[in-house]
Structures are given as C-alpha cells and as structure tokens.
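Morning, everyone. I'll take you through one model today, from the interface to the backbone details. Please have a look at it first.

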Amino acid sequence: MTPPPGSVEEARLLLASELEEAVREAAARGGLLPADVQGLRVRWLGKKQGVVTALLTRLRDVPKDEKAAFGAGVNALKQEAEERLARLEAEAEARAAAAAEAAKAVDVTLPPRAFPTGRLHPLTVVRRRIEASFRGLGYEVADGPEIESDWYNFESLNFAPDHPARDAVDTFFVKGGGEGRDALLLRTHTSPVQMRTMEGRKPPIRVLCPGRVYRKDDIDPRHSPVFHQMEGLVVDEGITFAHLRGTLAAFARSFFGGRAEVRLAPTFFPFVEPGVDCAVSCVFCDRKGCRICSYSGWIEIMGAGMVHPNVLANGGIDPERYTGFAFGMGIDRIAMLVYGIPDLRLLFENDLRFLDRTW
Amino acid sequence: MKLRLEWLGSYLPGPLPGTDELGTRLTKAGFIVEGVEGNGPGACLEVEMTANRPDGMNHRGLAREASAALGRPFADPGPGRLAEGGRPAAELATVTIEEPSLCSRYSARVIEGIEVRPASAAVRERLEALGMNPISAPVDATNHVLWDIGQPLHAFDLDSLAKGPDGKPAIVVRRARAGERLVTLDGVERTLTPDHLVIADAVRPVALAGVMGGLETAISERTTRVLLESAHFDPGVVRRTARAMGLHTDASHRFERGTDPAATVDGLERAAALIVADCGGTVARGVIDVVAREVPRPRVRLRHARLEAFLGMPIPLPRCVEILRALQFEVTEAGPGVLEVIPPTWRVDVGLEVDLIEEVVRIVGYDELPEVLPHAFNPTWTEPTLAREERARDVLSGAGFVETCTYSFVSSEENAPFAGGAPGTPAEVANPLGEPFTTMRATPVIGLLAAARHNARRGQPDLLLFEVGRSYGMAGTAPRESRRATLLLHGRRQVHWSVEPRPVDFHDGSGAVAALFAGLGAPAPAFRPAAFPFLSPGRSARVVSSNGEDAGWVGVLAATVAARYDLTEAVVADVDLARIDVVPPPTTLEAPSRFPGSDVDLTVTHRLSLPWSDLVSAATAGAPPELLGVDARYLYRGPGVPDGFVKTTLTLRFGSAERSLSREEVNGWRDEAARRLLALPESRVDGF
C-alpha cells in the first residue's frame, strides 16, 4: 500500500488513481463486487485507519491560520470519497444482482410444462357452431329419447306402416317393445323430438333438436350406424315457404360465411309438403367447381320442407290456423365438410392424434 | 333410375331436348338428374326418384314432367288400333277377383298362335340400355311397357293354367291359403299364407300378385297362347308380400308406390302390339276387363289466397291454372279465387290442398321464392338437461380431458360386466349389424375403454378421456335412458422432463369427479367405499351427492376387465348428471372476510382402516362455525409408525367474517377437536 499522503491534494489524486486502478483491475473478472467496494470504503473512510480519518488526526499539527482551509479540504475529500464509493457500490450491487439473476437462467426453448388443456370433440364444436347460428335467430334447443316408439319416429310423422318411404331408412328395432306403433326402435332422425315438442306446447314454436340417430348401415368411410343430426322446427301463424328459404339462407351465411347462397330443389319426405333439398354454394371453390362439391359448385347440406298438415294435426296443432317448416342436417357430414375429414370413421375412432388438433 | 333420351323424346314432339337443360329443369321440378350417360339420342339420364312419384318412373310419366318443366308440348301417340281376330277372349279364359279391396281391376288379353322369338332390335336396344337382359319377345314386351308407361304386366302361358268348371283356363285373384306353395320365376319354392295376395288358376297359385310370376306357368319356347295380365293392386299388400318373400322387383317397386288404376288396358294394348309384331299370332277379340271397384278420384279445393299466404309470394291465379293443366290436372273454378281440381289418375300422391300448392311452386321454381325471415319471437332457452351436458363438457375439457364420441352399441360380452351399473336390464337390438353392435351400452365407459385400447396400441398410453353421453336399459317394456359424464384415466400423469411422472391413481379419478361437481355448481360429493364387479376392491367408491343421492361410481378398473382391453391400471368413473345436486346460483355474493384466519395442525396416528371421512367427522362434530374446513396435509407410513397404522396431519382452518380470532380461542377449539380425535378407536394425537 502506498504511504499515507502528505497533503489533501495528494490524497485526492491518490483516491482517484486507486479507485480507477481497482476498477481497471476488476474489469477482467467482470467488475467490482460489493465486497471489493467495501474494502475500498474501509481504506478510505474507515473510522480507525481510513485515509480520511488519518488526515483529520493531523489537523492538530496544522498551523492555526491554515486549519480552516485544511479542514474544509478534508471534508471535501471525504465527500468526494463518499460519492465515488457510493457510485461504485451501486454499480457493484447491480452487477451482483444481475449475476444472481443470470445464475437462474433456464433454457427457454425446452418443451414447456404442460397445463391441462382438454379438447372438445369436433362433433361438439360443429354442433355448437350450428346451434349458435340458430340461437341468433331465436331458437331454443330441445331434447328427447333415442329409444323411440314407431309412432313418434314414423307413424305420427306421416310414414304409414306400409309406406315405401320407410325403405329409405333402415331401422334398428329394440327388443321388448310392443307391436305396430308401440314397437321400440332406435330413432332414425331427431324428428320425434319435433313431435314431442308440438304435443307439449302451443305455437309459437321455434326449436332445434340436436342428437344421436341410428340407421342400419354398415360402417364405411361414408356410413355409420350411429350419427348425429340437427333438426329445426318453426310453427306459428303466418309461417311461409319464403320464411323457410330466408331461414336457410341466413343459416348458410352465418355458418359458411357471408357469400354463401342456398339453392332449394323439390324432393319428398313424408313429414313435409312441399319437401326441399337444400344445397349451399361451395365455399371451397366459390362455385367454380372442385373435388369437394363434385365439380357442381353446390353442396347438399340438408333436407327441409313445410310441415305436413297431417303431422301438425298429429301434434295437436290446427293445420288450418298454423303453418310451419322443418329442416334437418347431418352434423357429422357438416363436420367432414368444414374440417375436410375424409373418413367418417375417424370421428368415432377417438385417436388422440386426430382429437388433439386445435378445434 | 335410368331413362333414355330418345324414349322420353317420343312423347315430346319436336327436336330432342338437350340433356343439360332437361337435367336442370327436371331437377328443379323435383326429379333430380344425377348424371347423364352417353350422348345423342341413346343418352341415358340417371334420375333419383322419390317414393311419392311412381308416375315418374317410366318414360311417358317423366316426359310429362319434362313438358311442364320445359314449357313444351306433350303428346302420347297411344298404342294404336290393335288388329283383333279369331275367338273372343272371354271364351278363352275367365277372370275372378275375390279380393276387391286388394285388386281394384284386372284386365287381360289373349293372343293365340304365336311363335316365341326374340324381340325386335329396337325393343332389345332400349331394354339393354336400361341394363336389362332381353329374354323373349313376350317377356320383353311386358318389360317394355313397364318402362314405357309404368304399368307392370305379366305374361302367362295360357295352356299351363288349370281350367275351371266352365272348361276355361281360370284366373283368380285371391289370398293364398295357408301352406300353399309356389315356385317363382327365380326358381325358389315359397310357402304362402293368407297375408299374401296371389294370382291363382283353378287349383293353385300361379303368381305372387304384383311381385313375381310362377315358374310353371311362365312363357317358354313352346308357348303358343299367351294370357297377358294388367292389373291394379293395393300398394300395401304388394309391399307386405314382397317383403315377406325378400323380393324386390321392378313391378313390386311400382305397385308398392301406387300405379295408375286407369292404365291397365293401355298397357295391354301396347304389349299385345309388340308381341304380335315379333311373334305373329292373333289377338283374341276383346279385353277381359274385370273392375272390382272404382278407385275414387279426389276433388281438391285450392284457395288462391291460401296458396299465396302459404308460400309467402304472389303467383297469379291464371299461372296456377296453367301449371296444373300442363300437368294434366282437371281444373274448374269453384268460386272467386277458388279452384276445384281433380288430379290425373296416375297422381296417387295428390289429395290435399298443400299438395296442389307444391305442384304449382315446384314448376314455378323454388328459386323464385323470396328470402324472408319470420318475425322475432320467443327468447332462446336450452333444455336444462342439455345445458348440464354442455357444462359438463366444458368443465371436463377445461380440466384436461379429451372428449370422445363412441358408438352406443357394444357387444353383449363387453356390456356384461357393467350391466349391474345401469338401470334395468340391457336394451338389446332386435336386428343388429352383428357383434359388437348387439347391445345398447350400460355405460359409455365401455366405449372409452375401446378408445383407450386404440390409443395405447398406437403408443399413446397416457390418457385423460371423457364422454358425455347416454346409458341405456329396459325397465320391463319401458326404455330407460340416463345422461352420464364418464371418465377414463390411464398411464402416467405429469409427463415432463422436469419431474418424475407418476401413474394415475384412484385419487385422480375422484378429483376429476369432484371437479365436475364443482364446475356444475354442486356441493362436493362424498366417496363411499363400495364394491363393483368391474372395479378393483378397495379402490372403488360410490359417488354420493350432498343430498345423499347415489350419483355414480369411480374406481380402478378390475384387472380382468383391464386385461380385456390390453390396458394397465385404468381409472374410470361414471356420473349420472341428473343426480348431481346442482344448487341454484347464489343471489348474493359475500365479500371475503377482512379478518385474517388461523390454521392449526393436528397429527393423528390411527389404523389404516379408519377412513379419512371419519377423521373429518370427528374434527368437525360440535365444532364452532369458525371452523371453516379440514384438509389432509400429510400422510406418513414408515419407521416410527406401527404396522397397519398411518400418521395423518390434519389442517383445521378457522376464521370469522366479524372479528379477529384470539390465539387462545383457536387453541381451545383445537384442543376440543384433538379430544374428539383421541376418542376414535386406537388413535393417538401428537401432543395430547
């Protein structure tokens, strides 16, 4: 250590050179640490052997007329030392804090710890989207049994016992039911819920009937003995065929996007008259023709029609006073469409690699 | 159904319509043209025929529709005048209808002296184009007429028919007698019952009416005399007979849907003309035409105001009349704005005013309808059971479970272990696709197990799956359906590089069930030890709602069942959504207490067999309302704890909304709780 300085001026120069030297010397190891600065503080400002204290003890040797100036000089030196050391201390503490933080660093690119993120099945997602479109139009959502009677599934819906239209719907029967209209079966459509709704209340009626339905089809990429339907029923005074068209068009635009159009064509279902096949303009090719729409520009999405007077009457509703419309679509088919799912079986296989997609 | 362009054109005077335009217009009118095969006059249209329009299932009928849809004339050249000769037909055979309600009319002609030869090239070409194999001129003639005007015919070898008492070959339309037999044209011997309508000769059935002829009386190479049948049968009886026999023929297809009762003679004339043209012979004079009853023709009123109100668009009355007349409806004005309409005999589907409205609007085109929304009415609402299902899906997917969708059918073998868990007896499908689709599942867990197997086999054994779906059963003759939330946990949890993964266990399952209750806004359920044949004993519980109702089960799947699905230990749960005691949402929400609470611990050493729920009961019984809850903090077994015992640390949470609690009162309550715990059999409390 250098000998104690002889004068305040000398001490000031020494302070500057010592601190600068200390900083320079520490640079190689990342800079001064708080302990280093503490050592410097003891040397310069220590109560017992600090340089400043030592200078002060020499005050008594200073001639009387110089005492004031000497004292002021030492005080100025002390203040300077305080300021310089405080600065170094702050820097050293910041450096130490940064080093402590740095020691906690992790590899942020590692796989994150998983929080539970379940998934809804695509059929649930699509069903909810369809429901949302119709809720906006004021529809309620109704529910009913899957094991139904022949009456609710067929006869009340204008399928006479020997009606050839029954050929189009291969039906599973359930053991233990009655005969004829009391026979038990697995509902082939959710239309029985429409009939139950009509029986249970007076118009106005505006309901959606989502649910699981059954047809005796062998499993293949386009068929499943279990699938899902969404039907709708509106009954009130003054309901018109134009309302049906308007409703289907509003749904198509809400579900498939603002440019979608609907095309209606006559067809036959026993429970409606007139019957309607509803196609929506292909949103994948903008009607130019693509594989999805079989190059027709149109995709058939549902059946519909004006509720047959016999069906209204079976539901206890006066067909002269009230009119109504109904529509029905396959949720599975629409899910295949909107997600480009090539094979219906994927919806029932429950492979995580399929279900884990972000729906 | 295939139909040939030139054949349709034979009823549309003028140049043949283009297939594009014809296809578009027919589709708009309700006959969906799905495709066109070939080109030129021989092009064939593939047309989807709806069950209500049997009249369109032939060339003349579809040409009628085409004429209305295209707005061009229709003309039926008719069968032409048939040259008759020889004896009167009535002297050569007799026809009797014993069942007028099942056969309104039976018309027959006799042709003598034919030589069975192939049909003309023109007839054969047409039939081949529709996918049929020509057989012989008489048979082909009947098929030609079926495809021409929709009237199914049958040709008998007259000499093979047994004669009646009058010495003439007899035709009798009657119900079969029980046990009568008939070998049909397909060579199958069939046993008949009175449910079946047959054509019989004097002694035996010779044809299934409207379905298929008999082999013994069919036309053969040696046939020289033919009796042609052209009848109108009841759709129901033909359908029942065909179905009972497992038969479906071009004829039954039409009779089942309804044929034109007025077309029987027209059909005879056309077939007879073709036969004599190809096979020679003489058409016996006259038609044997037995009309058992008149088929009533409906008169339907059409109110023009109703039509416009129903459709929501204006269609001028003259346009309505024009359309109906183009479709050959007889239209008269019954009053101002009211039409009286008689549909043509072939339109078996029209009987109501709304049917006429459909006729008008389908020819106008559905494209013309305006797009209008009904006025707004009832506020939207969801059936509470469905709302609960939806909430359960959200809660479980939010808790990390993946939703599955599985078949409602399972095999009876898969169902058996779980059958006791479902209401009633298993619901069985009477006509299943075969195993594994015979039984309606007792629980959706069965589907989850299959889904777990599927994934585990594909290297994805760590699973949290759920399905919100139904279970099914029968209570006597009444079906029972119950809405369930079901869970499956399998493999490891906390699979991450940062921690040691652990296998799923019972408590993960009960935790998920508790989360479901909490998510639905129900008080926490209790888990009571219970044995189920499909769950591991000691690791299975009944889920009990706070109101005491049995709400389902949770547990580790029994090893025998797990092995069947190639699974290691799986935790499964099935909760009856209807039994979750959802309480109404609170009408006020209290602010949390501003006064700090106080937690104290008690460590109890007790027998393993003493359930946690007993510790909680002891700790809480008689405790002041300031005791807010009891949690299990730590369980220890090992050195210092005797075999068969466990050391459980309970945390008692005390607090008050009104005041700060003093250390003394909290300690006092703790000591009371400790004394109650000490009173439990064979228990010790540290420090007491």
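Let's start where the two chains meet. Chain B puts 79 residues into the contact, and chain A puts in 70. Which helix gives the most to the side of chain B that touches chain A? That is α12 of chain B, residues 384-398, with six residues. By class, this side of chain B has 39 nonpolar residues, 23 polar ones and 17 charged ones. Keep in mind that this is a predicted model.

Now chain A as a whole. Its secondary structure comes to twelve helices and nine strands. What radius of gyration does chain A have, against that of a compact globule of 359 residues? The globule would sit near 21 Å, but chain A has 43 Å. The C-alpha trace tells you how that is laid out: about 135 × 50 × 40 Å along the principal axes. As for burial, 43% of the 359 residues of chain A count as buried. Then contact order. Take the contacts in chain A with a separation of 6 or more: 65% of them join residues 24 or more positions apart.

Next, one helix in chain B that reaches across. Helix α2 of chain B covers residues 19-28. Its buried residues are B:L22, B:G23, B:R25, B:L26, B:T27 and B:K28. What do they pack against? On the chain A side, there is β6, residues 262-267. Within chain B, there are β2 (32-37), β3 (44-48) and α3 (59-70). Just past the end of α2(B), B:G30 takes a positive phi of about 110°.

On to a sheet in chain B. Seven strands make an open sheet with mixed pairing. The order runs β20-β24-β25-β31-β30-β29-β28. Which strands are at the edges? Those are β20 (402-403) and β28 (526-529) of chain B, and each pairs on one side only. Look at the β20 end. There, β20(B) runs parallel to β24 of chain B, residues 463-475, and the two are joined over two bridges. To place that pairing in your viewer, go to B:V402: its bridge partner in β24(B) is B:L465.

Last, backbone geometry. As a general rule, most residues other than glycine have a negative phi, and most peptide bonds are trans.

Two are cis peptide bonds in chain A. One runs from A:P203 to A:P204, with omega near 5°. A:P204 sits in the loop between α7 (191-200) and β4 (205-214) of chain A. The other joins A:E273 and A:P274, with omega about -5°. Where is A:P274, then? In a strand: β7 of chain A, residues 272-281.

The other two are positive phi values in chain B. B:Q494 is not a glycine, yet its phi is about 55°. You'll find B:Q494 in the loop between β26 (492-493) and β27 (502-503) of chain B.

Conventions: Residues numbered from 1 in each chain as written. Chains lettered and ligands numbered in written order. Predicted model: local features only at pLDDT ≥ 70, side-chain atom pairs only at ≥ 80, totals over all residues. Helix = DSSP H or I, 4+ residues; strand = E, 2+ residues; numbered from the N terminus. Buried ≥ 20, exposed ≤ 12 C-beta atoms within 10 Å, placed from the backbone. Contact = placed C-beta atoms within 7 Å. Nonpolar A, V, L, I, M, F, W, Y, C, P; charged D, E, K, R; others polar. Rg over C-alpha atoms; globule rule 2.2 N^0.38 Å. Pairing = 2+ DSSP bridges.
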